[in-house]
Structure formats: structure tokens, C-alpha cells
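Here are a few notes to read alongside the model. I have set them out as numbered points, so please take them in any order you like.

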Amino acid sequence: MNENNPVVSIQGATKVFNEGGTDRVQAVKDVELEVYPGEFVTLIGPSGCGKSTLLRLIGDLITPTSGGVKVNGKHSKQARIDRDYGMVFQDATLYDWRTVNKNVQLPLEVMGYSHDDREKRAAKMLRLVQLEEFANHYPWQLSGGMQQRVAIARALAFEPAILLMDEPFGALDEMTRERMQLELLNIWGQTSTTVIFVTHSIPEAVFLSSRVVVMSARPGRIHAIIDIDLPRPRGFETREDPRFFERLTEVRECLRAGESGKSHVEGYK
């Protein structure tokens, strides 16, 4: 286990939607998880297992029914107020009437950065995602992959300690998705930001991650946590490494066990 203090600590978190109603749904139950500085942790599991719910609990978009979430040693609500994390979703959610540059600057405007600071930060982020030449374009003039790069640049503009990503590449074609995975690893390597990532794709989870958190069928619990020991930096050749296929198989088998309701793997921490 990493000797540093965790940047995210989930303590027995349970989330029930519509509690007391006939349509009550228990999304996640008794989740315990710690994420450490600079990790790339991916949440994967069957549809409806609560992956996105767990990510939203971390981001304080919803509150747990019981248990708690701490981010950088603070309650998740305070961490949100302090802007400790940025968020990227499957839909890039850019404003079509704002240029790429102005979209990236948006959170900086809200936070009261000066004009010069906004321009400098936006320029730096657009260089990071290799879109500086498109600064004055509008989102509707960009491909889906480029729009997601703008969304990542916007999420990183205020230098958050943590980046929360909910299936950000799910709507992209396979080739674009693989290129975006490489782009993301490059950005992660340059920024040292802690990333918590949700996906349905086993190859994506294995390729990107330091650790893969496998969740069981609803109510979602942590079935297993798998260390991904593939060397870095990772590239296209990583997908041909025998260890890549070994980790694919390991994650797939854990997913099958989780769907079947078998008991959790002990000692996953």
C-alpha cells in the first residue's frame, strides 16, 4: 500500500435512491476504497452496478445515504467548494457560442482569475492537449475527439488535484478512442493529476490504469482491485504485451464472478 495519505477515502459508502418509495434502488453498498496521489484508478463493472454513482459521490454531485467520502482529508462537499477536482463526462458539454479558448477559460472566469491569467492558463492547457491552433474555433467545428480534448483542458485549467472522468471516450469510434487513451496518458504523465475513471471497456481499463477496481452487480460493491503492472510509458505496443492479455483475462474473470454474485475477493486493499 502507498505510504502517502490517500487523496480520496471512501468509508462504507452506501447510496439508496428513492428511499422509502416503491421504486427504491440501492445503487452501491458498503464501499471502502482509498486512492493515492498520482494514481490512475479505473472503476469497471456490469451495467447498473453503480460506477457512475460512486464517481458522483466522490464529486459531491450526490450525497451518500450512509458512510462518507473524504477528498484531500476534507468532506467531499468542502473539496468541491475548494475546487479540488475537475470533471469530464461522456458528453463534452461545451458551449457552442464560445470559442475553444473561451470554453477552456470558463471555470477560471467563475473563479475570478484575471484576464491575463485566464489567457495564460488556457494557452498552456491547449498546448497540453495539442489544440493551440484551434483556440479560436468553435466546438461545432471540431471532431468528437477534439471536443473531448477541449473538455479535458477545461477540467485541468485550474490545476485540480483530482480528475474525475465518467466514460469520456464512450461515444468515440475505436481508432479515435485508442488515440484519446494515449493522449490522456500523456496528459496524466505531464500533470501528475490523480485520475478516477469509469469505463465499460476492459481493454481501456487495463491499458490506462495503475489499478482496476472491479465492482459487483447492483448493489455495487468492490469485488476486487487488480494492480496493473504493465511498464510505462505505454503505447500501441503495450496492447501486444503478453502481460496485457493476462491482465485482460484477470479483469474479465473478476467481472464474471462479480456478476454471478460470488463472494468478494478478500484482502483487496
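Helices here are DSSP runs of H or I with at least four residues, and they are numbered from the N terminus. Please also keep in mind that this is a predicted model.

1. **Overall make-up.** Let me begin with the whole chain. Its secondary structure comes to 8 helices and 10 strands. The radius of gyration is 19 Å, close to the 18 Å that the globule rule gives for 269 residues, so the chain is as compact as a globular protein of that length. Along the principal axes, the C-alpha atoms fill a box of roughly 55 × 45 × 40 Å.

2. **Burial and contacts.** How much of the chain is buried? Buried residues account for 52% of the 269 residues. Among contacts between residues at least 6 apart in sequence, 70% join residues at least 24 apart.

3. **Surface and charge.** The accessible surface of the protein chain is about 12500 Å², and carbon and sulfur atoms contribute 47% of that area.

4. Side chains of opposite charge can pair when their charged atoms come close. With a cut-off of 4 Å between a side-chain nitrogen of Lys or Arg and a carboxyl oxygen of Asp or Glu, the count comes to 13 salt bridges. One of them joins Asp84 and Lys74, with an N to O distance of 2.7 Å. Asp84 sits in the loop between α2 (76-81) and β6 (85-89), while Lys74 belongs to strand β5 (residues 74-75), so this pair ties together parts that are 10 residues apart in sequence. Asp84 is buried, at a relative accessible area of 10%, whereas Lys74 is partly exposed, at 24%.

5. **A link between two helices.** Which residue forms a salt bridge with Lys102? The partner is Glu119, and the closest N and O atoms are 4.0 Å apart. Lys102 lies in helix α3 (residues 100-110) and Glu119 in helix α4 (residues 115-128), so the pair ties together parts that are 17 residues apart in sequence. Lys102 is partly exposed, with a relative accessible area of 30%, and Glu119 also counts as partly exposed, at 28%.

6. Glu250 and Arg247 form a salt bridge in which the closest N and O atoms are 2.9 Å apart. Both residues lie in helix α8 (residues 242-260), 3 residues apart, which is about one turn of the helix. Glu250 is partly exposed, at 31% relative accessibility, while Arg247 is buried, at 13%. Salt bridges with shared partners join Asp229, Glu246, Arg247 and Glu250 into one network.

7. **Cis peptide bonds.** Most residues other than glycine have a negative phi, and most peptide bonds are trans. With that in mind, please look at the bond from Arg218 to Pro219, which is cis with omega near -5 degrees. Pro219 lies in the loop between β9 (211-215) and β10 (222-227). The bond from Arg232 to Pro233 is cis as well, with omega near 0 degrees, and Pro233 is in the loop between β10 and α8.

8. **Positive phi angles.** Two aspartates deserve a look here. Asp30 is not a glycine, yet it has a positive phi of about 50 degrees. Asp30 is found in strand β2 (residues 25-35) and counts as partly exposed, at 44% relative accessibility. Asp60, likewise not a glycine, has a positive phi of about 60 degrees. Asp60 is placed in the loop between α1 (51-58) and β4 (66-71) and counts as buried, at 11% relative accessibility.

9. Is Gly220 buried or exposed? At 0% relative accessibility, Gly220 counts as buried, and it is found in the loop between β9 and β10. Leaving aside residues up to four places away in sequence, Gly220 touches Ala27, Val28, Lys29, Val31, Cys49 and Met215. Gly220 and Leu54 are 166 residues apart in sequence, while their C-alpha atoms are 8.9 Å apart in space.

Conventions:
Residues are numbered from 1 along each chain as its sequence is written. This is a predicted model: local features need pLDDT of at least 70, side-chain atom pairs count only at pLDDT 80 or more; totals for chains, interfaces and linings use all residues. Side-chain values use heavy atoms; hydrogens and water are left out. Buried means under 20% relative accessible area, exposed over 50%, partly exposed in between (1.4 Å probe, protein chains only). The radius of gyration is taken over C-alpha atoms; the globule rule is 2.2 Å times the number of residues to the power 0.38. Contact means heavy atoms within 4.5 Å. Accessible areas come from the Shrake-Rupley method with a 1.4 Å probe; for residues, only the protein chains shown count as cover.
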